[in-house]
Amino acid sequence: MTRLWNEPSAFADEMIDGFVAANGRYVRRVPGGVVRSTVVPDGQVAVVIGGGSGHYPAFGGLVGQGLAHGAAMGNLFASPSTQQVQSVANAAHRGGGVFFSYGNYAGDVLNFDAAQDRLRAEGIACATVTVTDDISSASIEERHKRRGIAGDLTVFRIAAAAAEAGYDLGEVERVARLANDRTRSFGVAFTGCTLPGAEQPLFSVPEGRMAVGLGIHGEPGIDETDVPTADELAELLTGRLLAELPDGIDSADGQKLVPILNGLGAVKYEELFVVYRRVAALLQEAGVEVLDPHVGEYCTSFDMAGTSLTLFWLDDELERLWDTPVDTPAYRRGSVVAAAQDERAASVEDTAAIPAASAESRALAPVAARAVAAASEIVDAHVDELGRLDQIAGDGDHGIGMQRGARAARAAAQHAAELGAGVGTVLAHAGDAWSDRAGGTSGALWGVILRSIGETIGDDDAPDAIGVAAGVAAAARGVTDYGKAEVGDKTMVDALVPFSTELTIAADSGASLAHAWAAAAEAATRAAAATAELLPRMGRARPHAEKSLGTPDPGAHSLALIATAIGELLAESTGAPDAADASATPESTERN
């Protein structure tokens with residue numbers, strides 16, 4: 001369990017602040033995470049890693065000389081937002097381009113890719129290699145779908161070593177991809193992990209049993225067995241990994257590798273050493289030459305009791321790069337000559353400007369802000385339910401992630417309206433705040449939804465049913481283009497597309513916005529409930545597809561809840577925000 005916290009929603013930020021305060025010789029705080037506090041040579045490729053917090057020493061603990069130049073650090077078990085990634089990358093960039101690496105999770109891919117696109121638009125060269133080392137999360141034929149766990153370390157370290165050696169961006173990408181191709185991991189757990197403020201762990205394992213093939217975000221394992229002896233566990237982990245050799249390696253005999261026995265948070269070092277004793281013997285029996293064995297905590301899952309084994313198969317180039325000295329807050333190898341401290345201060349982003357808007361749009365901006373507030377209130381009311389739904393086959397953080405995002409969106413929308421923004425700008429600001437604060441897949445997609453609606457509606461005219469329907473249609477296209485999900489994949493798209501379709505049909509038939517929205521919300525609710533009979537084809541729930549049968553998708557369910565809540569608000573606000581009421585003042589709308 002987690003014992004020490006103040007406000008659960010502030011835990012990640014307070015943790016990062018304390019981490020920086022304790023490690024100023026290595027890192028400095030920037031918006032979105034940390035970068036090296038030491039001088040980096042101009043022209044060197046910047047290696048930027050990242051992911052959700054709760055995995056220490058990944059990711060901030062791996063920033064320092066010889067390893068990462070920066071880490072984007074999201075909320076607990078939630079990917080950093082696009083804005084956070086972009087901010088860290090800009091702070092770390094020294095003219096040689098930015099190389100991104102992170103675990104292969106949907107939210108991380110969405111947000112890092114979006115940040116990469118923004119950086120390229122600024123003229124900064126970028127490249128990415130996602131880590132796909134977990135053999136339990138997909139078959140060898142679908143290796144590109146595998147998630148990244150403790151094997152992150154090998155890819156991060158090789159990429160950073162190449163950057164230190166003067167490799168250009170293309171060459172850093174090449175050797176990082178080679179390192180990923182030669183890394184395999186497999187993990188088990190004896191208990192789940194409990195996030196700050198939560199009363200129950202994200203998943204549980206019966207007494208005397210062990211989850212096999214788990215993830216690092218509280219995802220349950222793909223199998224379950226009795227708890228073995230230490231030697232039997234070593235044999236399970238080593239046997240599974242030796243059964244899948246990287247391409248180009250026909251036999252383990254005579255090969256060189258680095259083994260990494262990783263504790264996931266609550267298994268003690270002494271226990272790990274007992275397990276590694278047998279791992280070492282098994283590798284010797286297989287004819288492997290072991291170099292630089294690692295036993296300890298390299299990628300944890302908060303307080304989870306579990307362990308994973310990673311095997312990193314070397315060639316001559318990888319072995320040479322692996323010998324690069326490293327000095328970071330949590331990971332040190334060899335002897336590093338300390339670089340001078342970098343005295344440059346972190347840049348602070350300017351507050352987004354409020355563009356001019358028509359009187360009609362400004363008058364209805366408070367209604368848009370109240371709609372965002374209604375979304376926040378309904379999420380608050382159902383936060384525990386959303387977490388339980390997500391816990392069935394995911395990582396259980398959908399509720400708290402939606403809550404963080406919706407609350408931030410509410411504050412941003414209210415602030416923009418108070419500054420005289422139009423409806424479009426209110427929604428765009430809300431979308432940016434939701435995405436930035438929530439992180440993760442849902443944060444990114446709700447950012448797309450609100451911004452798409454806002455940009456379509458704009459600030460010139462009072463939005464009517466047809467205009468709002470067009471905005472929602474743009475949002476649906478944006479989500480499917482951005483997230484790559486389709487109807488039937490068991491995601492929020494399964495509720496969003498029917499909602500958009502019904503809204504457009506009703507608006508085109510002449511219905512008022514309130515009536516059209518109510519009909520669309522009913523369609524979304526029916527569609528969300530129907531996802532209970534689907535098998536997930538995307539996201540963290542995919543490796544546990546069968547476990548989700550009978551349970552609706554949490555993203556689709558939360559979208560339906562929000563649509564219904566906003567529909568009730570529109571019904572109470574007689575006709576607003578139809579064009580017929582464009583002349584209404586905020587005060588008269590409030591009275592209605």
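Visitor: What do β1 and β2 form, and how many residues lie between them?
Guide: They form a hairpin with two residues between them. G32 in the turn has a positive phi of about 100°. Helices (H or I, at least four residues) and strands (E, at least two) are DSSP runs, numbered from the N terminus.

Visitor: Where do these coordinates and numbers come from?
Guide: This is a predicted model, in which local features need pLDDT of at least 70 and side-chain atom pairs count only at pLDDT 80 or more, while totals for chains, interfaces and linings use all residues. Residues are numbered from 1 along each chain as its sequence is written, and side-chain values use heavy atoms, with hydrogens and water left out.

Visitor: What is the strand order in the open sheet?
Guide: The order is β1-β2-β4-β3-β5-β6, six strands with mixed pairing.

Visitor: Which strands stand at the edges?
Guide: β1 and β6 (126-131). Each has a single partner strand, so one side of each is left without a neighbour in the sheet.

Visitor: In which sense do β3 and β5 pair?
Guide: β3 (residues 46-53) pairs with β5 in the parallel sense, over four bridges. The bridge partner of I49 in β5 is S101.

Visitor: New topic. How many aromatic pairs does the structure hold?
Guide: Ten. Rings of Phe, Tyr and Trp (its six-membered ring) pair if their centres lie within 6.5 Å; planes under 30 degrees apart count as stacked, over 60 as edge-to-face and the rest as tilted. One of the pairs is Y102 with F112, stacked at 4.1 Å centre to centre and 20° between the planes.

Visitor: Where do Y102 and F112 sit?
Guide: Y102 is in strand β5 (residues 98-103) and F112 in helix α3 (residues 106-121), ten residues apart. Y102 is buried, with a relative accessible area of 0%, and F112 counts as buried at 1%. Buried means under 20% relative accessible area, exposed over 50%, partly exposed in between (1.4 Å probe, protein chains only). F100, Y102 and F112 form one aromatic cluster.

Visitor: And Y298 with Y331: what kind of pair is that?
Guide: Edge-to-face, at 6.2 Å centre to centre and 75° between the planes. Y298 lies in the loop between β12 (294-296) and β13 (306-313), and Y331 in the loop between β14 (326-327) and β15 (332-333), so the pair ties together parts that are 33 residues apart in sequence. Y298 is buried at 12% relative accessible area, and Y331 is buried at 2%.

Visitor: Last topic, the largest nonpolar core. Which residues touch the most other members?
Guide: V426, W434, I449, L503, W517 and I562, out of 69 residues. A nonpolar core is a set of buried Ala, Val, Leu, Ile, Met, Phe, Trp, Tyr and Cys residues joined through side-chain atoms within 4.5 Å.

Visitor: Which helix gives the most to this core?
Guide: α9, with twelve residues.

Visitor: What is I449 in contact with?
Guide: Leaving aside neighbours within four places in sequence, I449 is in contact (heavy atoms within 4.5 Å) with A475, V479, M492, L496 and L559.

Definitions and conventions: Pairing = 2+ DSSP bridges.
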